[in-house]
Every structure is written in C-alpha cells, then in structure tokens.
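Let's take a walk through this one together. Have the sequence and the 3D view open, and we'll go from a single strand pair out to the whole chain.

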Amino acid sequence: LGMILQYTPVKTPHFKAAVERMFGTLNTGLLHSLPGTTFSNIAQRSDYNSLKQACISLNELDRMMNIFLIDIYAENFHRGVQGIPARLWEQATEGGFSPRMPPSVEELLVLLGRVAYRTIQPYGIELNCLRYNCSDLVPLRTRMKKRDNRRVKIKYNPSDLGHIQVYDPDEKRYLQVPALAQEYAQGLSLWKHKVIRNFALTQQGTVDIVAL
C-alpha cells in the first residue's frame, strides 16, 4: 500500500502531532460520549465506573467509528485542509486521482495482516497454540527443508484466527491455510483466544484444543 511504519521514541507525542490530534478528535467527538469510556484523565473520570458501564461490543464500536468518520468528521469543515474533506476527496477523484488499493478485500486483509515467522512442521504450522495445515503446505515444506533458513513468513488477521496466510517465496504468493480446529477458531479474535487460553492454563495447567 506504499506505507512506511516509523516508530517514535516513548514519551514524545510531539513527534507525531497529527496522529495525536486525530486521537483527540476521536475521543472528544465519539469515544468519551459512549458508556464505559475511561475519559482522558482521572479528574474527568472521577467516580465513574467504566468497567460497570461498558456495554459496547467491538463490532458495534467498528460500526460507530465508520459512521463518525464517514458521515460526521468527513462532512465538517477541517481547518488543516481549509475545506470539507468529503468535498475535497470528490474533487480529487473527479480530477483523475485514484487511491492505490489492491484489487480485492481479501488481498487488502493479507497486506494489513500481522506478521510472524514459523518453520513448517510435519503437522503443519503452530501459531498462538493453534495448528494450521492443508495439502498445499506439503510441497512448500519439502522445498523449505533444502534451505538454510527454513522459516516462512506468515500473515494473520487478529480478528479471525480461522486461517492464516503463508508466503511461498518461490511462487511469490500467499497460501491460505485453515486452522485444524475450525469449530473453535473460525471467527475467533486473538484477544478472545488469549482470554480463553489463560483460563485454560489456570484450570488445567496445559493448553490443548480440548482445554480450549
């Protein structure tokens, strides 16, 4: 997508003032008006019980964020660009501007996925205590065994652990590999999985698919 990630040192918000300003806009325009907000500081929060009042799911929050950004924020005058963002976007696209985007949503999700590196084992690939495998991995594993570095690049979506994407360096493409425990992993977020995994550890001391 043509993006470069640059991490700033800790405690240096002035290095990314535009990002911090956007966080402030989201907070004051949306998040602090929702039940369960933690506010910006202790004084504002006072005796408000954020945990007790919280009642919004992540999917609902995604929907609210979409409405706020597209229907409210983008339709109001912005001092930084001296105009209404939605109108400026329309002018740009009418003038021939085309955003750099992949041809499909599936490819976009791969590009935005989190990165990990693993070695393909006879049973497949293990990631976050879950195993992934399919027939497409067999020839890739055979080829990787002949290399000094046998690890492969993996992309995964933290909001759905039902499958991962494994990069084939020879074919220069990603292979979609499903989780063996589909009934458990399909549609499961990484956050929920960590909560379940930690609970399984406290109850049984081991983490396997039965415990999960």
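This is a predicted model: local features need pLDDT of at least 70, side-chain atom pairs count only at pLDDT 80 or more; totals for chains, interfaces and linings use all residues.

Start with strands β4 (residues 151–157) and β5 (residues 160–168), an antiparallel pair held together by four bridges.

Now widen the view a bit. β4 and β5 belong to an open sheet of four strands, which runs β1-β4-β5-β6 with antiparallel pairing. At the edges sit β1 (114–119) and β6 (173–178), each of them pairing on one side only. Step from one strand to the next and you'll pick up an average twist of 35°. There's also a helix packed on this sheet: α7, residues 137–144, touches β4, β5 and β6, and its direction makes about 45° with that of β5.

Zoom out again, and the protein chain has nine helices and six strands. Its radius of gyration is 22 Å, while the globule rule gives 17 Å for 212 residues, so the chain is more spread out than a compact globule. The C-alpha atoms fill a box of roughly 60 × 50 × 35 Å along the principal axes.

What about burial and contacts? Of the 212 residues, 25% are buried. Among contacts with a separation of 6 or more, 51% are between residues 24 or more positions apart.

Methods:
Residues are numbered from 1 along each chain as its sequence is written. Side-chain values use heavy atoms; hydrogens and water are left out. Two strands pair if DSSP finds at least two bridges between them. Helices (H or I, at least four residues) and strands (E, at least two) are DSSP runs, numbered from the N terminus. Axes are lines fitted to C-alpha atoms, for helices over the stretch in contact, and angles run from 0 to 180 degrees between N-to-C directions. Contact means heavy atoms within 4.5 Å. The radius of gyration is taken over C-alpha atoms; the globule rule is 2.2 Å times the number of residues to the power 0.38. Buried means under 20% relative accessible area, exposed over 50%, partly exposed in between (1.4 Å probe, protein chains only).
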